[in-house]
Amino acid sequence: MRTLLLPLRARFIAYTAVMVVTAVLLLELYFFPSPFVAIPLVLFSALALVGTVDLIQTKHAVLRNYPLTAHIRFILEEIRPEIRQYFLESEKDGTPFSRDKRAIVYQRAKQALDKRPFGTQNDVYSNGYEWLHHSMAPKAVAKEDFRIVIGGPDCAEPYAASIFNISAMSFGALSPNAVRALNIGAKKGNFAHDTGEGGYSSYHRENGGDIIWEIGSGYFSCRNEDGTFCAEKFEAGARSKQVKMVELKLSQGAKPGHGGVLPAPKVTAEIAAARGVPIGVDCVSPSRHSAFATPIELMEFVATMRRLSGGKPAGFKLCIGHPWEFLAVCKAMVETGIYPDFIVVDGKEGGTGAAPLEFTDHLGMPLREGLNFVHNALIGINARDRVKLGASGKIVSAFDIARVMALGADWCNSARGFMFALGCIQSQSCHTDRCPTGVSTQDRLRQRALVVPDKAERVFNFHRATVNALAELVAAAGLDHPTELTPAHFSRRISAHEVKMFSDLYPPLKPGELLSGTRDRRYADAWDMASAREFRAAPPAAQIAVALH
Ligand SMILES: Cc1cc2nc3c(=O)[nH]c(=O)nc-3n(C[C@H](O)[C@H](O)[C@H](O)COP(=O)(O)O)c2cc1C
Ligand code: SF4
(Lines give C-alpha, C1' and ligand atoms only; values in the text may rest on other atoms or scores of the structure.)
(Ligands and ions follow the chains in the order given, each with its own letter.)
Protein backbone atom coordinates (compact mmCIF):
# COMPACT_ATOMS: atom_id res chain seq x y z
CA MET A 1 0.00 0.00 0.00
CA ARG A 2 2.81 2.41 0.99
CA THR A 3 4.51 1.77 -2.35
CA LEU A 4 1.29 2.41 -4.24
CA LEU A 5 0.87 5.77 -2.50
CA LEU A 6 4.45 6.79 -3.18
CA PRO A 7 3.66 8.82 -6.34
CA LEU A 8 1.28 10.94 -4.28
CA ARG A 9 3.91 11.87 -1.67
CA ALA A 10 4.76 15.60 -1.69
CA ARG A 11 8.31 14.97 -2.89
CA PHE A 12 7.14 12.97 -5.92
CA ILE A 13 4.03 14.94 -6.75
CA ALA A 14 5.65 17.18 -9.39
CA TYR A 15 7.06 14.15 -11.21
CA THR A 16 3.72 12.30 -10.95
CA ALA A 17 1.84 15.33 -12.26
CA VAL A 18 4.22 15.64 -15.23
CA MET A 19 3.82 11.93 -16.04
CA VAL A 20 0.02 12.18 -15.87
CA VAL A 21 -0.13 15.32 -18.03
CA THR A 22 2.27 13.72 -20.54
CA ALA A 23 0.05 10.62 -20.76
CA VAL A 24 -3.10 12.75 -21.21
CA LEU A 25 -1.43 14.85 -23.93
CA LEU A 26 -0.23 11.69 -25.66
CA LEU A 27 -3.79 10.31 -25.75
CA GLU A 28 -5.14 13.65 -26.91
CA LEU A 29 -2.61 13.85 -29.74
CA TYR A 30 -3.49 10.31 -30.76
CA PHE A 31 -7.22 11.06 -31.03
CA PHE A 32 -7.15 14.79 -31.95
CA PRO A 33 -3.79 15.59 -33.69
CA SER A 34 -3.02 19.32 -33.47
CA PRO A 35 0.06 21.54 -32.99
CA PHE A 36 -1.60 22.98 -29.86
CA VAL A 37 -1.25 19.54 -28.29
CA ALA A 38 2.09 18.59 -29.87
CA ILE A 39 4.03 21.55 -28.49
CA PRO A 40 3.07 21.06 -24.82
CA LEU A 41 3.57 17.33 -25.31
CA VAL A 42 7.20 17.89 -26.33
CA LEU A 43 7.73 20.07 -23.28
CA PHE A 44 6.13 17.66 -20.83
CA SER A 45 7.87 14.63 -22.41
CA ALA A 46 11.20 16.37 -21.84
CA LEU A 47 10.28 17.01 -18.20
CA ALA A 48 9.11 13.41 -17.81
CA LEU A 49 12.43 12.21 -19.22
CA VAL A 50 14.40 14.44 -16.85
CA GLY A 51 12.33 13.23 -13.89
CA THR A 52 12.83 9.59 -14.84
CA VAL A 53 16.57 10.06 -15.22
CA ASP A 54 16.58 11.77 -11.80
CA LEU A 55 14.87 8.74 -10.29
CA ILE A 56 17.23 6.14 -11.65
CA GLN A 57 20.55 7.98 -11.60
CA THR A 58 22.87 7.11 -8.71
CA LYS A 59 25.03 10.22 -8.23
CA HIS A 60 22.69 12.73 -6.55
CA ALA A 61 20.67 11.46 -3.59
CA VAL A 62 18.53 14.57 -3.51
CA LEU A 63 17.45 14.08 -7.15
CA ARG A 64 16.47 10.45 -6.46
CA ASN A 65 14.28 11.59 -3.59
CA TYR A 66 12.95 14.75 -5.21
CA PRO A 67 12.82 14.14 -8.97
CA LEU A 68 12.38 17.36 -10.96
CA THR A 69 11.85 19.64 -7.94
CA ALA A 70 15.43 19.19 -6.69
CA HIS A 71 16.63 20.99 -9.81
CA ILE A 72 15.18 24.19 -8.34
CA ARG A 73 17.62 23.75 -5.48
CA PHE A 74 20.56 23.34 -7.87
CA ILE A 75 19.50 26.41 -9.83
CA LEU A 76 19.19 28.48 -6.66
CA GLU A 77 22.60 27.24 -5.46
CA GLU A 78 24.04 28.31 -8.80
CA ILE A 79 22.63 31.83 -8.66
CA ARG A 80 23.04 32.28 -4.88
CA PRO A 81 26.09 34.56 -5.17
CA GLU A 82 24.26 36.76 -7.69
CA ILE A 83 21.14 36.94 -5.51
CA ARG A 84 23.25 37.90 -2.51
CA GLN A 85 25.25 40.43 -4.50
CA TYR A 86 22.31 42.07 -6.27
CA PHE A 87 19.56 41.92 -3.65
CA LEU A 88 20.89 41.25 -0.15
CA GLU A 89 24.37 42.75 0.13
CA SER A 90 24.74 46.07 1.99
CA GLU A 91 27.44 48.58 1.16
CA LYS A 92 29.79 47.08 3.75
CA ASP A 93 28.99 43.45 2.93
CA GLY A 94 30.56 41.26 0.33
CA THR A 95 33.75 39.26 0.49
CA PRO A 96 36.59 39.37 -0.21
CA PHE A 97 35.81 42.97 -1.25
CA SER A 98 32.78 44.85 0.07
CA ARG A 99 30.40 46.52 -2.36
CA ASP A 100 31.75 49.86 -1.15
CA LYS A 101 35.34 48.92 -1.99
CA ARG A 102 34.39 47.60 -5.42
CA ALA A 103 32.28 50.67 -6.09
CA ILE A 104 35.15 53.07 -5.43
CA VAL A 105 37.29 51.25 -8.01
CA TYR A 106 34.49 51.19 -10.60
CA GLN A 107 33.77 54.87 -10.05
CA ARG A 108 37.40 55.91 -10.30
CA ALA A 109 37.97 53.67 -13.32
CA LYS A 110 34.96 55.16 -15.10
CA GLN A 111 35.69 58.68 -13.95
CA ALA A 112 32.27 58.72 -12.29
CA LEU A 113 31.49 60.67 -9.13
CA ASP A 114 33.42 58.97 -6.31
CA LYS A 115 32.19 61.09 -3.41
CA ARG A 116 29.82 59.92 -0.62
CA PRO A 117 26.94 61.93 0.85
CA PHE A 118 25.74 62.39 4.42
CA GLY A 119 28.60 60.90 6.47
CA THR A 120 30.45 57.66 7.11
CA GLN A 121 28.62 54.35 7.17
CA ASN A 122 31.36 52.89 9.37
CA ASP A 123 30.74 52.35 13.05
CA VAL A 124 33.62 54.43 14.36
CA TYR A 125 33.18 52.97 17.86
CA SER A 126 33.59 49.34 16.81
CA ASN A 127 36.78 47.41 17.54
CA GLY A 128 39.31 47.59 14.75
CA TYR A 129 38.14 50.95 13.38
CA GLU A 130 41.23 52.78 12.11
CA TRP A 131 41.94 56.34 11.09
CA LEU A 132 44.66 58.63 9.83
CA HIS A 133 45.41 61.72 11.94
CA HIS A 134 44.90 64.94 10.03
CA SER A 135 46.90 68.09 10.59
CA MET A 136 45.79 71.50 11.78
CA ALA A 137 48.06 72.85 9.07
CA PRO A 138 47.31 70.83 5.92
CA LYS A 139 49.74 71.11 3.03
CA ALA A 140 48.85 72.05 -0.53
CA VAL A 141 47.87 68.94 -2.49
CA ALA A 142 50.91 67.69 -4.41
CA LYS A 143 50.58 67.64 -8.17
CA GLU A 144 53.42 65.17 -8.61
CA ASP A 145 53.00 61.53 -9.50
CA PHE A 146 54.61 60.02 -6.37
CA ARG A 147 57.59 57.85 -7.33
CA ILE A 148 60.32 56.01 -5.44
CA VAL A 149 63.67 54.83 -6.72
CA ILE A 150 64.25 51.07 -6.42
CA GLY A 151 67.81 49.77 -6.73
CA GLY A 152 70.55 49.40 -4.15
CA PRO A 153 74.28 50.04 -4.60
CA ASP A 154 74.75 46.84 -6.67
CA CYS A 155 72.13 47.85 -9.18
CA ALA A 156 73.21 49.48 -12.44
CA GLU A 157 69.75 50.51 -13.67
CA PRO A 158 67.60 51.69 -10.75
CA TYR A 159 63.89 52.05 -11.51
CA ALA A 160 61.83 55.07 -10.51
CA ALA A 161 58.57 53.26 -9.75
CA SER A 162 55.12 54.66 -9.12
CA ILE A 163 54.02 54.01 -5.56
CA PHE A 164 51.00 52.10 -6.95
CA ASN A 165 51.46 49.28 -9.48
CA ILE A 166 49.77 46.22 -10.97
CA SER A 167 50.49 43.15 -8.89
CA ALA A 168 51.63 39.82 -10.34
CA MET A 169 48.94 38.00 -12.33
CA SER A 170 49.92 35.51 -15.00
CA PHE A 171 48.77 35.28 -18.57
CA GLY A 172 46.83 32.07 -18.18
CA ALA A 173 45.15 33.23 -15.01
CA LEU A 174 44.22 36.35 -17.02
CA SER A 175 42.98 36.46 -20.59
CA PRO A 176 45.13 37.93 -23.38
CA ASN A 177 42.82 40.97 -23.55
CA ALA A 178 43.12 41.55 -19.82
CA VAL A 179 46.93 41.45 -20.06
CA ARG A 180 46.86 43.84 -23.02
CA ALA A 181 44.54 46.32 -21.28
CA LEU A 182 46.62 46.28 -18.09
CA ASN A 183 49.83 46.90 -19.99
CA ILE A 184 48.39 49.74 -22.10
CA GLY A 185 46.96 51.33 -18.93
CA ALA A 186 50.35 50.98 -17.23
CA LYS A 187 52.10 52.58 -20.17
CA LYS A 188 49.71 55.51 -20.30
CA GLY A 189 49.92 56.09 -16.55
CA ASN A 190 53.67 55.43 -16.26
CA PHE A 191 53.40 52.66 -13.69
CA ALA A 192 54.56 49.04 -13.63
CA HIS A 193 52.85 45.82 -14.64
CA ASP A 194 54.05 42.59 -13.00
CA THR A 195 53.88 39.57 -15.34
CA GLY A 196 53.13 37.01 -12.64
CA GLU A 197 54.92 33.70 -12.74
CA GLY A 198 53.22 32.49 -15.95
CA GLY A 199 55.87 33.92 -18.24
CA TYR A 200 56.76 37.12 -20.07
CA SER A 201 54.29 36.64 -22.93
CA SER A 202 53.78 38.34 -26.27
CA TYR A 203 50.72 40.07 -24.74
CA HIS A 204 52.96 41.71 -22.15
CA ARG A 205 55.36 42.81 -24.87
CA GLU A 206 52.91 44.18 -27.47
CA ASN A 207 52.33 47.62 -26.00
CA GLY A 208 55.53 48.50 -24.19
CA GLY A 209 54.27 49.32 -20.68
CA ASP A 210 56.88 48.93 -17.91
CA ILE A 211 57.26 45.29 -16.89
CA ILE A 212 58.37 43.63 -13.69
CA TRP A 213 59.25 40.14 -14.86
CA GLU A 214 58.41 37.61 -12.18
CA ILE A 215 59.73 34.06 -12.26
CA GLY A 216 58.39 31.31 -10.02
CA SER A 217 59.38 27.72 -9.37
CA GLY A 218 58.27 26.73 -12.90
CA TYR A 219 60.75 29.25 -14.42
CA PHE A 220 58.28 29.92 -17.21
CA SER A 221 59.75 31.69 -20.25
CA CYS A 222 63.23 30.82 -18.95
CA ARG A 223 63.30 27.08 -18.38
CA ASN A 224 65.14 24.09 -19.72
CA GLU A 225 63.20 21.09 -20.95
CA ASP A 226 63.52 19.42 -17.55
CA GLY A 227 61.92 22.44 -15.86
CA THR A 228 65.12 23.88 -14.37
CA PHE A 229 66.19 27.52 -14.66
CA CYS A 230 67.81 28.48 -17.98
CA ALA A 231 70.19 31.42 -17.53
CA GLU A 232 70.44 32.16 -21.28
CA LYS A 233 66.68 32.42 -21.79
CA PHE A 234 66.34 34.53 -18.65
CA GLU A 235 69.09 36.87 -19.79
CA ALA A 236 67.48 37.26 -23.23
CA GLY A 237 64.12 38.27 -21.68
CA ALA A 238 65.42 40.29 -18.75
CA ARG A 239 67.65 42.49 -20.95
CA SER A 240 64.60 43.73 -22.86
CA LYS A 241 64.28 47.50 -22.42
CA GLN A 242 60.68 47.02 -21.34
CA VAL A 243 61.68 44.95 -18.28
CA LYS A 244 62.43 47.35 -15.44
CA MET A 245 62.86 44.91 -12.56
CA VAL A 246 63.19 41.14 -12.12
CA GLU A 247 61.41 39.36 -9.30
CA LEU A 248 61.69 35.89 -7.85
CA LYS A 249 58.46 34.54 -6.44
CA LEU A 250 58.94 32.49 -3.29
CA SER A 251 55.31 32.45 -2.23
CA GLN A 252 52.02 34.31 -2.41
CA GLY A 253 49.63 34.93 0.46
CA ALA A 254 46.65 33.09 -0.97
CA LYS A 255 48.50 29.78 -1.27
CA PRO A 256 51.94 29.89 0.34
CA GLY A 257 53.91 26.68 -0.02
CA HIS A 258 51.55 25.37 -2.67
CA GLY A 259 52.52 24.76 -6.27
CA GLY A 260 50.03 24.71 -9.06
CA VAL A 261 48.95 22.76 -12.11
CA LEU A 262 47.50 24.25 -15.24
CA PRO A 263 45.59 21.23 -16.55
CA ALA A 264 46.55 19.87 -20.00
CA PRO A 265 43.40 21.07 -21.83
CA LYS A 266 44.13 24.65 -20.73
CA VAL A 267 47.70 24.53 -22.00
CA THR A 268 46.87 26.10 -25.35
CA ALA A 269 49.45 26.87 -28.02
CA GLU A 270 49.60 30.48 -26.80
CA ILE A 271 50.13 29.57 -23.16
CA ALA A 272 52.66 26.90 -24.10
CA ALA A 273 54.60 29.47 -26.13
CA ALA A 274 54.54 32.02 -23.30
CA ARG A 275 55.68 29.53 -20.71
CA GLY A 276 58.07 27.48 -22.81
CA VAL A 277 56.25 24.20 -22.12
CA PRO A 278 54.73 21.52 -24.41
CA ILE A 279 51.17 22.09 -25.70
CA GLY A 280 48.39 20.01 -24.12
CA VAL A 281 50.49 18.59 -21.29
CA ASP A 282 49.83 19.40 -17.59
CA CYS A 283 51.92 22.49 -16.74
CA VAL A 284 53.25 22.09 -13.22
CA SER A 285 54.59 24.81 -10.91
CA PRO A 286 56.39 22.87 -8.17
CA SER A 287 55.88 23.99 -4.59
CA ARG A 288 59.65 24.49 -4.20
CA HIS A 289 62.48 25.96 -6.24
CA SER A 290 65.15 23.83 -7.87
CA ALA A 291 67.58 26.73 -8.41
CA PHE A 292 68.51 27.14 -4.72
CA ALA A 293 68.03 25.29 -1.46
CA THR A 294 69.52 27.47 1.29
CA PRO A 295 69.24 31.13 2.29
CA ILE A 296 72.77 31.78 1.02
CA GLU A 297 71.97 30.14 -2.32
CA LEU A 298 68.80 32.24 -2.50
CA MET A 299 70.86 35.41 -2.16
CA GLU A 300 73.32 34.14 -4.76
CA PHE A 301 70.43 33.43 -7.11
CA VAL A 302 69.07 36.97 -6.66
CA ALA A 303 72.56 38.26 -7.51
CA THR A 304 72.57 36.03 -10.61
CA MET A 305 69.21 37.44 -11.70
CA ARG A 306 70.53 40.97 -11.25
CA ARG A 307 73.69 40.18 -13.24
CA LEU A 308 71.84 38.42 -16.06
CA SER A 309 69.37 41.30 -16.35
CA GLY A 310 72.24 43.74 -16.87
CA GLY A 311 72.06 45.22 -13.39
CA LYS A 312 68.33 45.86 -13.06
CA PRO A 313 66.73 45.83 -9.62
CA ALA A 314 66.35 42.21 -8.50
CA GLY A 315 64.28 41.07 -5.58
CA PHE A 316 61.84 38.52 -4.30
CA LYS A 317 58.20 38.25 -3.30
CA LEU A 318 56.94 36.24 -0.38
CA CYS A 319 54.27 35.85 2.23
CA ILE A 320 55.86 35.51 5.65
CA GLY A 321 55.61 32.04 7.21
CA HIS A 322 58.14 30.86 9.84
CA PRO A 323 59.75 34.06 11.18
CA TRP A 324 63.16 32.35 11.55
CA GLU A 325 63.23 31.54 7.84
CA PHE A 326 63.03 35.18 6.86
CA LEU A 327 65.61 35.99 9.54
CA ALA A 328 67.78 33.25 8.03
CA VAL A 329 67.59 35.13 4.75
CA CYS A 330 68.59 38.31 6.63
CA LYS A 331 71.61 36.45 8.04
CA ALA A 332 72.44 35.29 4.52
CA MET A 333 72.34 38.93 3.36
CA VAL A 334 74.75 39.91 6.10
CA GLU A 335 77.08 36.92 5.53
CA THR A 336 77.24 37.16 1.73
CA GLY A 337 76.99 40.92 1.43
CA ILE A 338 74.37 40.29 -1.27
CA TYR A 339 71.21 42.30 -0.72
CA PRO A 340 68.08 42.21 -2.86
CA ASP A 341 67.08 45.58 -4.29
CA PHE A 342 63.53 44.98 -3.15
CA ILE A 343 61.25 42.59 -1.34
CA VAL A 344 57.51 42.39 -1.96
CA VAL A 345 55.53 41.23 1.06
CA ASP A 346 52.22 39.66 0.12
CA GLY A 347 49.56 39.26 2.78
CA LYS A 348 47.58 36.16 3.64
CA GLU A 349 44.53 38.12 2.47
CA GLY A 350 45.90 38.16 -1.09
CA GLY A 351 44.10 36.72 -4.09
CA THR A 352 44.74 33.91 -6.55
CA GLY A 353 43.22 32.30 -9.60
CA ALA A 354 42.63 29.06 -7.68
CA ALA A 355 43.82 27.51 -4.41
CA PRO A 356 42.71 24.94 -1.83
CA LEU A 357 40.44 26.41 0.86
CA GLU A 358 42.80 25.48 3.71
CA PHE A 359 45.57 27.44 2.04
CA THR A 360 43.50 30.55 1.25
CA ASP A 361 41.98 30.58 4.72
CA HIS A 362 44.68 29.51 7.13
CA LEU A 363 48.23 29.60 5.81
CA GLY A 364 50.53 32.60 5.89
CA MET A 365 50.88 35.85 7.78
CA PRO A 366 48.48 38.74 7.13
CA LEU A 367 50.00 41.69 5.31
CA ARG A 368 50.37 44.21 8.10
CA GLU A 369 52.11 41.82 10.49
CA GLY A 370 54.28 40.37 7.70
CA LEU A 371 55.23 43.75 6.30
CA ASN A 372 56.06 45.24 9.67
CA PHE A 373 58.08 42.15 10.57
CA VAL A 374 60.17 42.41 7.39
CA HIS A 375 60.55 46.19 7.77
CA ASN A 376 61.86 45.79 11.33
CA ALA A 377 64.10 42.84 10.45
CA LEU A 378 65.79 44.91 7.75
CA ILE A 379 66.22 47.78 10.21
CA GLY A 380 67.65 45.25 12.66
CA ILE A 381 70.39 44.25 10.19
CA ASN A 382 71.04 47.84 9.01
CA ALA A 383 69.74 47.06 5.52
CA ARG A 384 66.53 49.06 5.40
CA ASP A 385 68.04 51.91 3.41
CA ARG A 386 69.22 49.65 0.56
CA VAL A 387 66.24 47.28 0.28
CA LYS A 388 62.93 48.78 -0.85
CA LEU A 389 59.69 47.16 0.31
CA GLY A 390 56.57 46.56 -1.76
CA ALA A 391 53.28 45.43 -0.24
CA SER A 392 50.20 43.69 -1.58
CA GLY A 393 47.00 42.42 -0.01
CA LYS A 394 43.59 44.02 -0.51
CA ILE A 395 44.99 47.45 -1.28
CA VAL A 396 42.50 49.34 -3.43
CA SER A 397 41.98 52.77 -1.87
CA ALA A 398 44.26 55.65 -1.02
CA PHE A 399 43.73 54.94 2.68
CA ASP A 400 44.86 51.32 2.14
CA ILE A 401 48.04 52.62 0.52
CA ALA A 402 48.70 55.20 3.22
CA ARG A 403 48.23 52.64 6.00
CA VAL A 404 50.74 50.12 4.66
CA MET A 405 53.21 52.87 3.83
CA ALA A 406 53.07 53.91 7.47
CA LEU A 407 53.88 50.32 8.45
CA GLY A 408 56.97 50.12 6.28
CA ALA A 409 56.00 49.80 2.60
CA ASP A 410 57.78 51.98 0.06
CA TRP A 411 55.23 51.14 -2.61
CA CYS A 412 52.07 49.06 -3.11
CA ASN A 413 50.78 46.59 -5.65
CA SER A 414 47.18 45.74 -6.34
CA ALA A 415 45.94 42.70 -8.25
CA ARG A 416 42.21 42.51 -7.68
CA GLY A 417 41.86 46.30 -7.63
CA PHE A 418 43.08 46.39 -11.21
CA MET A 419 40.84 43.40 -12.02
CA PHE A 420 37.86 45.48 -10.87
CA ALA A 421 39.11 48.30 -13.08
CA LEU A 422 39.03 45.80 -15.95
CA GLY A 423 35.38 45.08 -15.18
CA CYS A 424 35.63 42.08 -12.81
CA ILE A 425 32.37 41.76 -10.86
CA GLN A 426 33.71 39.42 -8.14
CA SER A 427 31.61 36.49 -9.37
CA GLN A 428 34.46 34.28 -8.15
CA SER A 429 34.36 31.80 -10.99
CA CYS A 430 37.93 32.49 -12.18
CA HIS A 431 38.89 28.83 -11.74
CA THR A 432 36.07 27.56 -13.99
CA ASP A 433 37.15 29.32 -17.20
CA ARG A 434 33.65 30.82 -17.28
CA CYS A 435 34.54 34.37 -16.27
CA PRO A 436 31.52 36.50 -17.22
CA THR A 437 33.59 39.61 -17.93
CA GLY A 438 36.41 38.15 -20.01
CA VAL A 439 39.06 39.00 -17.39
CA SER A 440 40.17 35.53 -16.35
CA THR A 441 39.16 33.18 -19.14
CA GLN A 442 40.91 31.54 -22.06
CA ASP A 443 37.56 31.03 -23.82
CA ARG A 444 37.82 33.12 -26.99
CA LEU A 445 34.15 34.01 -27.07
CA ARG A 446 34.11 35.17 -23.46
CA GLN A 447 37.34 37.15 -23.90
CA ARG A 448 35.56 39.31 -26.49
CA ALA A 449 33.59 40.89 -23.64
CA LEU A 450 36.72 42.75 -22.60
CA VAL A 451 37.25 45.59 -25.09
CA VAL A 452 40.90 46.48 -24.74
CA PRO A 453 40.99 50.26 -25.46
CA ASP A 454 38.03 50.93 -23.16
CA LYS A 455 39.39 48.88 -20.26
CA ALA A 456 42.94 50.17 -20.71
CA GLU A 457 41.55 53.66 -20.17
CA ARG A 458 39.84 52.47 -17.00
CA VAL A 459 43.06 50.94 -15.69
CA PHE A 460 44.77 54.27 -16.30
CA ASN A 461 41.93 56.25 -14.68
CA PHE A 462 41.82 54.02 -11.59
CA HIS A 463 45.54 54.42 -11.01
CA ARG A 464 45.51 58.17 -11.53
CA ALA A 465 42.44 58.82 -9.37
CA THR A 466 43.78 56.64 -6.56
CA VAL A 467 47.15 58.41 -6.54
CA ASN A 468 45.32 61.76 -6.60
CA ALA A 469 43.20 60.67 -3.62
CA LEU A 470 46.41 59.66 -1.83
CA ALA A 471 47.87 63.11 -2.52
CA GLU A 472 44.82 64.67 -0.87
CA LEU A 473 45.09 62.37 2.18
CA VAL A 474 48.78 63.04 2.60
CA ALA A 475 48.24 66.80 2.32
CA ALA A 476 45.43 66.62 4.91
CA ALA A 477 47.89 64.90 7.25
CA GLY A 478 50.25 67.86 6.80
CA LEU A 479 52.81 65.91 4.76
CA ASP A 480 54.40 66.38 1.37
CA HIS A 481 54.96 62.77 0.34
CA PRO A 482 53.44 59.41 1.39
CA THR A 483 56.91 58.17 2.33
CA GLU A 484 56.68 60.56 5.30
CA LEU A 485 53.82 58.53 6.80
CA THR A 486 54.78 56.72 10.02
CA PRO A 487 52.95 54.56 12.59
CA ALA A 488 52.46 57.71 14.67
CA HIS A 489 50.03 58.99 12.03
CA PHE A 490 47.44 56.22 12.55
CA SER A 491 45.23 54.99 15.37
CA ARG A 492 43.08 51.90 15.92
CA ARG A 493 40.19 51.37 18.32
CA ILE A 494 40.92 48.22 20.30
CA SER A 495 37.92 48.31 22.66
CA ALA A 496 34.87 50.46 23.33
CA HIS A 497 36.92 52.88 25.43
CA GLU A 498 40.50 52.30 24.29
CA VAL A 499 42.41 53.52 21.27
CA LYS A 500 46.05 52.84 20.41
CA MET A 501 48.38 54.49 17.99
CA PHE A 502 50.05 52.25 15.46
CA SER A 503 53.35 53.26 17.05
CA ASP A 504 52.24 51.40 20.20
CA LEU A 505 50.79 48.47 18.30
CA TYR A 506 53.82 48.03 16.04
CA PRO A 507 56.89 48.93 18.12
CA PRO A 508 60.03 49.38 16.00
CA LEU A 509 63.43 47.72 16.28
CA LYS A 510 66.47 49.97 16.60
CA PRO A 511 68.92 50.14 13.69
CA GLY A 512 71.32 47.17 13.97
CA GLU A 513 69.41 45.71 16.93
CA LEU A 514 69.40 42.15 15.55
CA LEU A 515 73.13 42.26 14.88
CA SER A 516 73.93 43.52 18.35
CA GLY A 517 71.64 40.98 20.06
CA THR A 518 68.03 41.94 20.59
CA ARG A 519 65.94 41.17 23.64
CA ASP A 520 62.72 41.87 21.75
CA ARG A 521 60.64 38.70 22.25
CA ARG A 522 59.20 38.99 18.73
CA TYR A 523 62.65 38.48 17.24
CA ALA A 524 65.12 37.12 19.79
CA ASP A 525 64.36 33.36 19.64
CA ALA A 526 63.71 33.34 15.92
CA TRP A 527 66.99 35.17 15.33
CA ASP A 528 68.85 32.58 17.41
CA MET A 529 67.19 29.75 15.50
CA ALA A 530 67.93 31.20 12.07
CA SER A 531 70.88 29.98 10.02
CA ALA A 532 72.11 31.38 6.72
CA ARG A 533 73.04 27.81 5.72
CA GLU A 534 69.60 26.23 5.89
CA PHE A 535 65.97 27.22 6.04
CA ARG A 536 65.24 24.53 8.61
CA ALA A 537 65.58 26.11 12.04
CA ALA A 538 68.26 25.27 14.56
CA PRO A 539 66.94 25.15 18.15
CA PRO A 540 67.70 28.35 20.08
CA ALA A 541 70.88 28.39 22.12
CA ALA A 542 68.84 28.54 25.35
CA GLN A 543 67.12 25.27 24.50
CA ILE A 544 70.42 23.56 23.66
CA ALA A 545 71.78 24.69 27.02
CA VAL A 546 68.76 23.19 28.82
CA ALA A 547 69.14 19.93 26.87
CA LEU A 548 72.84 19.65 27.79
CA HIS A 549 72.21 19.86 31.53
C1 LIG B 1 44.03 36.00 -10.69
C2 LIG B 1 45.26 36.16 -9.87
C3 LIG B 1 46.47 35.62 -10.31
C4 LIG B 1 47.61 35.77 -9.54
N5 LIG B 1 48.80 35.29 -10.01
C6 LIG B 1 49.94 35.52 -9.31
C7 LIG B 1 51.20 35.14 -9.83
O8 LIG B 1 51.32 34.60 -10.92
N9 LIG B 1 52.29 35.40 -9.08
C10 LIG B 1 52.21 36.03 -7.87
O11 LIG B 1 53.23 36.28 -7.24
N12 LIG B 1 51.03 36.41 -7.37
C13 LIG B 1 49.89 36.18 -8.07
N14 LIG B 1 48.71 36.62 -7.57
C15 LIG B 1 48.69 37.33 -6.27
C16 LIG B 1 48.72 38.85 -6.49
O17 LIG B 1 49.83 39.26 -7.21
C18 LIG B 1 48.71 39.60 -5.17
O19 LIG B 1 49.90 39.34 -4.49
C20 LIG B 1 47.56 39.25 -4.26
O21 LIG B 1 46.40 38.99 -4.98
C22 LIG B 1 47.26 40.38 -3.30
O23 LIG B 1 46.82 41.50 -3.96
P24 LIG B 1 45.27 41.91 -4.08
O25 LIG B 1 44.70 41.77 -2.73
O26 LIG B 1 45.34 43.32 -4.58
O27 LIG B 1 44.63 40.99 -5.04
C28 LIG B 1 47.55 36.45 -8.31
C29 LIG B 1 46.33 36.98 -7.87
C30 LIG B 1 45.20 36.84 -8.63
C31 LIG B 1 43.92 37.44 -8.14
S1 SF4 C 1 34.37 38.44 -12.96
FE2 SF4 C 1 34.38 36.64 -11.65
S3 SF4 C 1 35.45 35.06 -12.83
FE4 SF4 C 1 35.87 37.01 -13.81
S5 SF4 C 1 37.82 37.68 -12.90
FE6 SF4 C 1 36.18 38.58 -11.69
S7 SF4 C 1 35.86 37.13 -10.02
FE8 SF4 C 1 37.02 36.04 -11.59
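View 1. At 16% relative accessibility, Arg 384 falls in the buried class (buried is under 20% relative accessible area, exposed over 50%, partly exposed in between, with a 1.4 Å probe and protein chains only). This is a predicted model: local features need pLDDT of at least 70, side-chain atom pairs count only at pLDDT 80 or more, and totals for chains, interfaces and linings use all residues. Residues are numbered from 1 along each chain as its sequence is written, chains are lettered from A and ligands numbered from 1 in the order in which they are written, and side-chain values use heavy atoms, with hydrogens and water left out. Arg 384 sits in the loop between helix 14 (367-380) and strand 12 (388-392); helices (H or I, at least four residues) and strands (E, at least two) are DSSP runs, numbered from the N terminus. Its side chain makes a polar contact of 2.9 Å with that of Asp 410, and a polar atom of the Arg 384 side chain is 2.7 Å from the backbone oxygen of Gly 408. A polar contact here is a pair of N or O atoms within 3.5 Å; within protein, one must be able to donate a hydrogen and the other to accept it, and residues adjacent in sequence count only if both atoms are side-chain atoms.

**View 2. Glu 89 and Arg 102.** Here's another loop residue: Glu 89, between helix 5 (70-88) and helix 6 (99-109). Glu 89 is buried too, at 17% relative accessible area. Its side chain pairs with that of Arg 102 through a polar contact of 3.0 Å.

**View 3. Around ligand 1.** The shell holds 23 residues, and the closest are Ala 168, Glu 214, Gly 351, Lys 394 and Arg 416 (a shell residue has a heavy atom within 4 Å of the ligand). Oxygen atoms of ligand 1 turn up 2.8 Å from a polar side-chain atom of Lys 317, 3.0 Å from a polar backbone atom of Glu 197 and 2.6 Å from a polar backbone atom of Lys 394. Taken alone, ligand 1 exposes 600 Å², and the protein buries 98% of that (Shrake-Rupley areas, 1.4 Å probe).

**View 4. Phe 32 at the surface.** Phe 32 belongs to the loop between helix 2 (13-31) and helix 3 (35-56). With a relative accessible area of 60%, Phe 32 is exposed.
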